[in-house]
Amino acid sequence: MIEQSLADLLKGFDVALQPHNLLWSFVGVLVGNLIGVLPGLGALSAISILLPLTFTMHPIPAILMLAGIFYGSQYGGAIGAILLNLPCHPPHAVTCLDGYPMTKAGKGGTALGITMIASFFAASFGIMVMIFASPILVNIAFKFGPAELFSIMLLGLICGGTMSRGSPLKGVAMTVIGLLIGIVGTDVNSGVARFTFGFVELTDRVELVALALGLFGVTEFLRSVNRMHVVGSGMRVRIRDMRPSMKELKQAFMPMLRGTLVGTAFGAMPGTGPTITTFVAYAIERKISKTPERFGYGALEGVASPEASSHSKTQVDFIPTMSLGIPGDAVMALILGALIIQGIQPGPQLITEHADLFWGLIASFWIGNILLVLLNVPLIGVWVKLLQVPYRFLFPSALFFIALGVYSTNNSLFEIGEVLVFGLIGWVFVALDFQVAPILLGYVLGPMVEENFRRALLLSRGDMAVFVTRPISCAFVVLSALIIALQAFFALRGKLKKRRGASLQPPPAPGATVQPVQEG
Amino acid sequence: MRRLVTQYNKDYYGGALMIFIGLWAAIQGSSYQLGTLSRMGPGFFPTALGVILVIIGIAIALSARRVAKDAPEEKPLPPEWRGWICIIASCVGFVAIAKWGGFVPATFAITFISAMGDRENTVKEATLLSLAMVVICIVVFWWALKMPFQLFAWGTT
């Protein structure tokens with residue numbers, strides 16, 4: 001089976017190296033990196049703004065570009081975190097803890113260099129896991145019926161709701177809201193229009209791009225307007241500074257490896273957000289360190305491990321997304337949505353039916369990560385400049401790009417109204433301390449959950465026991481129950497031992513008075 | 001009024017909001033056909049979700065008191081009415097102007113109005129930024145990407 005995988009991978013390189021595929025991959029990485037660096041914009045906003053552009057493209061370059069945007073923006077986010085203490089993208093909040101002190105100590109270049117090496121190493125590892133695990137998973141996935149699909153989606157939704165930051169109850173509430181938004185439109189089985197508020201446009205479901213841009217664009221602007229003040233620190237980073245010494249490399253190697261493993265483990269679990277992954281990686285690093293007191297004052301390990309974990313998670317996340325059709329987190333939900341719009345149904349048959357797309361994507365990950373390294377070394381000066389673009393110019397321009405991007409999905413102005421409405425809804429939720437990321441997960445999975453739930457019960461003639469009598473399904477249901485029980489346990493224990501959890505919270509960034517929307 | 005929205009009350013309001021949305025979804029959902037477990041109608045799933053949401057909402061409201069005591073008192077940020085109104089107005093303005101005046105004035109409007117939402121932007125800066133976006137709109141979206149919209153329109157398009 002491994003030989004088969006390698007042969008397929010070679011074909012994948014053929015696909016990914018075709019000039020126009022390579023070009024779009026490059027464009028994606030470049031634009032993603034650029035948007036990721038801009039303060040206040042993360043992977044989610046980057047992908048949703050550019051998603052409409054890919055609708056007219058062939059599926060393969062479209063997905064290659066979106067994936068490029070994803071890991072490009074993730075890398076860009078690290079630059080802001082390290083140099084300006086700005087967690088543009090929540091998973092990087094942890095990187096600020098030790099990355100920014102390193103910058104203050106004049107070692108910002110080294111931190112960036114280590115980040116780059118850690119990212120590349122972790123991504124490569126994640127890609128390897130993907131190559132070998134996907135075919136095995138596909139064999140299992142072919143045994144999946146409606147009951148199994150429902151149970152694993154349930155697991156994904158519960159993980160997505162409870163494992164992000166903040167209150168698990170509120171996360172689950174947001175997931176349910178997402179499922180409800182997913183219901184809007186015409187019911188495929190009966191043709192009844194549900195929750196359309198009398199709008200004809202809504203019978204065709206809520207537009208994915210409008211929802212994403214409302215929740216992660218407009219909501220964010222409403223929250224940060226006049227509150228986000230980027231202070232340019234005026235530092236300069238030269239290429240020479242980015243090369244870490246042998247000693248630093250040695251110091252960072254083991255944390256890098258541990259971070260990668262943490263990321264891989266979390267990536268395989270559907271629904272766990274990237275933020276929690278980086279926090280766990282950081283916590284482990286501090287726990288096993290012989291000198292935990294250095295953490296928070298510029299410990300190299302505190303940069304290497306979280307960054308590695310977020311990148312390996314990114315890669316491994318593609319496995320459940322592509323082979324099961326279950327997105328790992330909100331970003332993956334967007335990419336899944338893009339696939340569906342392109343007419344490609346993710347699932348176990350994807351790897352065999354669209355082998356060129358799947359293996360091309362894997363090959364392009366590698367090429368894209370190499371491009372990232374090549375891009376960032378000469379362009380680091382440009383990124384530093386970009387970091388200082390004032391927010392007061394940034395958000396009006398972004399609003400315009402959002403409006404035109406959404407318009408281009410259907411060439412209709414109605415969707416722009418949708419963006420505004422979801423922006424306002426998201427703003428109310430965020431003001432009440434809810435996380436908005438699970439909404440997107442619920443929205444994308446909603447129709448599939450309902451469809452499989454109905455089909456499973458149709459086949460079992462209304463017997464709910466079908467979800468626990470089938471072994472694979474039962475395992476997922478038990479896992480879901482375990483997670484809920486564990487969360488309840490932690491909540492009760494947390495009540496008894498108060499102050500324990502407070503030690504891991506990141507200090508508020510002096511550069512920004514508002515924490516960015518939590519995407520994890 | 002602002003002082004009321006503390007951490008303590010936030011969970012009450014949040015829970016109440018969830019209960020309200022859940023109730024609404026359940027009532028609205030049950031107006032579609034519910035069906036039976038083996039042959040579900042279009043109303044079953046939304047009604048079930050609505051009920052779940054109500055239960056979660058109650059749980060959020062019940063757990064509110066516990067969290068509040070040990071959480072550090074969060075200082076509420078002052079409201080940013082100017083920014084909020086400008087951002088909302090800019091989106092509404094874009095839709096209205098794009099419909100009746102074409103995309104060039106609409107582009108100018110969305111950028112200009114939202115830029116004025118930031119207290120540090122001057123009229124001159126906002127105008128320059130908006131003109132830059134108009135150029136991008138024409139060159140990138142209309143000319144290069146050939147998106148189907150009218151640059152200028154009179155009356156309904």
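Chain B contains five helices and zero strands, where helices (H or I, at least four residues) and strands (E, at least two) are DSSP runs numbered from the N terminus. Read along the sequence, its pattern is α-α-α-α-α. The structure is a predicted model, in which local features need pLDDT of at least 70 and side-chain atom pairs count only at pLDDT 80 or more, while totals for chains, interfaces and linings use all residues. Residues are numbered from 1 along each chain as its sequence is written, and chains are lettered from A and ligands numbered from 1 in the order in which they are written.

Of the 157 residues of chain B, 34% count as buried; a residue is buried if 20 or more other C-beta atoms, placed from the backbone, lie within 10 Å of its own, exposed if 12 or fewer, and partly exposed in between. Two residues are in contact if their C-beta atoms, placed from the backbone, lie within 7 Å, and among the contacts in chain B between residues at least 6 apart in sequence, 60% join residues at least 24 apart. Chain B is divided into domain 1 (2–70) and domain 2 (81–144), with bounds that come from an automatic or database domain assignment. The C-alpha centres of these two domains of chain B lie 38 Å apart. F20(B) counts as partly exposed, because it has 13 C-beta neighbours inside 10 Å.

Two packed helices are described by the angle between their axes and the distance between the axes. In chain B, helix α3 (residues 81–101) and helix α4 (residues 103–115) pack at an angle of about 175°, with their axes 8 Å apart; the axes are lines fitted to C-alpha atoms, for helices over the stretch in contact, and angles run from 0 to 180 degrees between N-to-C directions. The helices α3(B) and α4(B) are therefore roughly antiparallel to each other, given that angles under 35 degrees count as roughly parallel, over 145 as roughly antiparallel, 65 to 115 as roughly perpendicular and the rest as oblique. On the α3(B) side, the residues that meet α4(B) include C86(B), I87(B), F94(B), I97(B) and G101(B), and their partners in α4(B) include F103(B), P105(B), A106(B), I110(B) and I113(B). By class, this contact has 13 nonpolar, four polar and no charged residues, where Ala, Val, Leu, Ile, Met, Phe, Trp, Tyr, Cys and Pro count as nonpolar, Asp, Glu, Lys and Arg as charged, and the others, Gly among them, as polar.

G101(B), found in helix α3 of chain B, is partly exposed, with 18 other C-beta atoms within 10 Å. Not counting residues up to four places away in sequence, G101(B) touches A106(B) and A153(B). G101(B) and Q150(B) are 49 residues apart in sequence, yet 8.9 Å apart in space, C-alpha to C-alpha.

The contact between the chains takes 49 residues from chain A and 56 residues from chain B. On the side of chain A that touches chain B, α8 (168–183), α9 (208–224), α16 (391–410), α17 (414–431) and α18 (437–459) each supply at least two residues, and the largest share, 10 residues, comes from α16(A). The residues on that side of chain A divide into 30 nonpolar, eight polar and 11 charged.

Helix α17(A) has 18 residues that should span 26 Å at 1.5 Å a residue, and its end C-alpha atoms are 26 Å apart, which agrees; the expected span is 1.5 Å times one less than the number of residues. Its buried residues include E415(A), E418(A), L420(A), F422(A), W427(A) and F429(A). What covers the buried residues of α17(A) includes α8, α9 and α16 of chain A together with α3 of chain B. After α17(A) comes D433(A), whose phi is positive, near 65°.

F195(A) counts as partly exposed with 17 C-beta neighbours inside 10 Å, and R205(A) counts as partly exposed with 18.
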